[in-house]
Amino acid sequence: MTTQTPLKYPVFDLKTRANPQAVYNQMRESDPIWCAHGPETGNPIWFFVDYEDVVAVLKDDKRFIKDARRLPREIAQRYINLDPDPVWDTINGHMLMRDAPDHTRLRRLVHKVFTPRAIQALLPRIEEIADNLLDQMAGQHTADLINAYTFPLPITVIAEMLGVESEKRDKFREWTNILLFSPDPTQNQTAAMEFVMYVNQLIEQREQEDTGDILSGLVRAEEEGDSLNRQELLSMVFLLLVAGHETTVNLMGNGMLTLMQNPQQFELLRQQPEWIDSAVEEMLRFNGPVETPTMRFALETVEYKGHVIKQGDLILPSLLGANRDPKVFEHPNTFDITRDPNPHVAFGMGVHYCVGAPLARLEAKIALSKLIARYPNMALNTAIDNLEWNGSLLIHGMKSLPITY
Ligand code: HEM
């Protein structure tokens with residue numbers, strides 16, 4: 001059944017993507033737990049916007065699960081194609097779509113290579129990439145900040161970590177963009193196939209030779225006789241690539257937009273660059289790049305605060321909503337780079353807490369410090385209403401960010 005009547009809250013509307021927090025703030029007033037019906041499928045979708053409830057969902061991985069295949073067949077087929085398809089199973093088989101015990105074992109293996117020391121060792125290279133990009137911007141006075149800086153930086157870092165050749169990086173952007181945002185199944189299938197074929201080649205090269213990158217580490221990661229099989233490796237690479245750039249790009253893009261809209265805070269950071277760590281946390285809270293995390297399903301019918309969430313219903317805990325909850329954050333709609341404490345949930349919580357959080361923080365800190373030091377007079381080069389936001393309920397970010405500098 002598809003609902004034709006307009007929804008009480010325009011949460012799926014494209015124009016809501018420019019400022020979804022406003023809709024979540026509205027919802028919080030009277031319906032902090034609200035059930036909508038998906039615009040295309042009619043499936044029940046529960047939005048949670050209060051911090052306490054968002055955290056409760058994220059932590060309850062026994063009842064709110066990721067792997068739709070664990071639901072009864074007639075419910076699961078509302079969400080996924082149950083016929084085996086090697087390419088799709090590879091793209092969707094990563095740990096963000098898995099529950100324990102599979103998830104636990106995949107996560108343990110990725111932690112073997114994604115160590116704090118391995119991330120810290122990337123620092124000089126991140127600095128070099130940032131400097132090179134800033135050099136390329138020199139001599140001009142206008143740019144699209146996303147194209148010129150916030151996109152190429154994290155994609156270069158993650159691509160180098162995974163050993164993707166520089167000629168293939170644009171292709172990667174194309175594939176991940178299609179797989180994340182395109183509604184066209186044929187285009188999706190082709191992109192998935194090309195992606196899998198290419199990454200297969202990379203894995204085969206690493207099996208022959210340890211090149212010292214993260215992919216070589218993943219190929220060799222082993223614990224108690226356990227290792228990643230080929231399909232798991234392919235899915236992991238896909239997840240790391242997508243998670244590793246669509247998010248950090250928008251942390252920096254949304255963060256710089258927010259700074260430009262808050263000149264006093266921008267000035268404070270210019271004058272006292274030592275606030276950068278705290279500023280990045282506030283950017284994550286105030287206008288973070290993940291609006292709602294990936295879908296969760298009720299494994300069984302659950303009663304929560306008087307609401308009956310039926311088996312198989314979808315749950316979307318709004319991270320952007322939780323991060324503006326006045327019960328947790330004083331003056332939640334004020335952007336304050338000195339905020340302390342700042343227990344935001346931009347990286348999620350519980351067993352799926354972001355593996356890449358230390359890398360994202362390091363990249364943002366280096367990239368934004370250097371950008372502000374080099375081009376301190378940067379300003380928005382269009383009216384705020386002209387900014388185009390992508391249509392995804394998952395990734396919150398702009399298609400471009402025109403600036404003068
Ligand atoms: C600002 C940047 C980032 C943000 C805001 C972010 C946010 C998140 C969130 C909210 C989740 C949990 C999703 C859920 O519970 O459904 C997550 C998971 C994950 N993120 Fe990130 N992420 C960022 C950057 C990165 C980077 C740079 C990487 C890796 C290179 C990465 C890798 C992952 C992985 C592998 C998971 C899955 C963890 C699991 O299922 O156990 N993320 N991220």
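The radius of gyration used here is taken over C-alpha atoms, and the globule rule sets 2.2 Å times the number of residues to the power 0.38. Because a compact globule of 405 residues would have a radius of gyration near 22 Å, the 21 Å of the protein agrees with that rule.

This is a predicted model, in which local features need pLDDT of at least 70 and side-chain atom pairs count only at pLDDT 80 or more, while totals for chains, interfaces and linings use all residues. Residues are numbered from 1 along each chain as its sequence is written.

**The whole chain**

Begin with the C-alpha trace, which spans about 60 × 60 × 40 Å along its principal axes. Switch to a cartoon to see 17 helices and 12 strands; helices (H or I, at least four residues) and strands (E, at least two) are DSSP runs numbered from the N terminus. Two residues are in contact if their C-beta atoms, placed from the backbone, lie within 7 Å. Of the contacts with a separation of 6 or more, 73% join residues 24 or more positions apart.

Colouring by burial comes next. A residue is buried if 20 or more other C-beta atoms, placed from the backbone, lie within 10 Å of its own, exposed if 12 or fewer, and partly exposed in between. By this count, 41% of the 405 residues are buried.

**The strands around β2**

Select β2, residues 44-48, where four of the five residues are buried. Pairing of two strands requires that DSSP find at least two bridges between them. Strand β1 (residues 33-37) pairs with β2 in the antiparallel sense over five bridges, and His37 stands opposite Pro44. Six residues lie between the strands of this hairpin, where Gly42 has a positive phi near 80 degrees.

Ile45 has Leu314 as its bridge partner in β10, and Phe47 stands opposite Leu316. Show the side chains of β10: Leu314 and Leu316 point one way, Ile315 and Pro317 the other way, and all are buried. Strand β7 (residues 296-298) runs antiparallel to β10 and is joined to it by two bridges; here Arg296 has Ile315 as its bridge partner.

**The nonpolar core**

In soluble globular proteins, nonpolar side chains tend to be buried together. A nonpolar core is defined as a set of buried Ala, Val, Leu, Ile, Met, Phe, Trp, Tyr and Cys residues joined through C-beta atoms within 7 Å. The largest such core has 108 residues, and Phe47, Leu162 and Val237 have the most contacts inside it. Helix α13 supplies the largest share of this core, 16 residues. Centre the view on Val237: leaving aside its neighbours within four places in sequence, this residue is in contact with Leu162, Val199 and Leu215.

**The ligand shell**

A residue is near a molecule if its C-beta atom, placed from the backbone, lies within 6 Å of it. The ligand is surrounded by 26 residues, the closest being Gly244, Pro293, Gly348, Cys354 and Gly356. Both α13 (230-261) and α17 supply at least two residues each, and α13 gives the most, with seven.

For colouring by type, Ala, Val, Leu, Ile, Met, Phe, Trp, Tyr, Cys and Pro count as nonpolar, Asp, Glu, Lys and Arg as charged, and the others, Gly among them, as polar. The shell then divides into 17 nonpolar, eight polar and one charged.

**Backbone details to finish**

Most residues other than glycine have a negative phi, and most peptide bonds are trans.

- Pro101 lies in the loop between α4 (86-92) and α5 (102-113).
- Asp340 to Pro341: the peptide bond is cis, with omega near 0 degrees. Pro341 lies in the loop between α16 (319-322) and α17 (357-374).
- Lys305: phi is positive, at about 45 degrees, although the residue is not a glycine. Lys305 lies in the loop between β8 (302-304) and β9 (307-309), and is exposed, with 11 other C-beta atoms within 10 Å.
- His331: this residue, also other than glycine, has a positive phi near 40 degrees. His331 lies in the loop between α16 and α17, and counts as exposed because it has 9 C-beta neighbours inside 10 Å.
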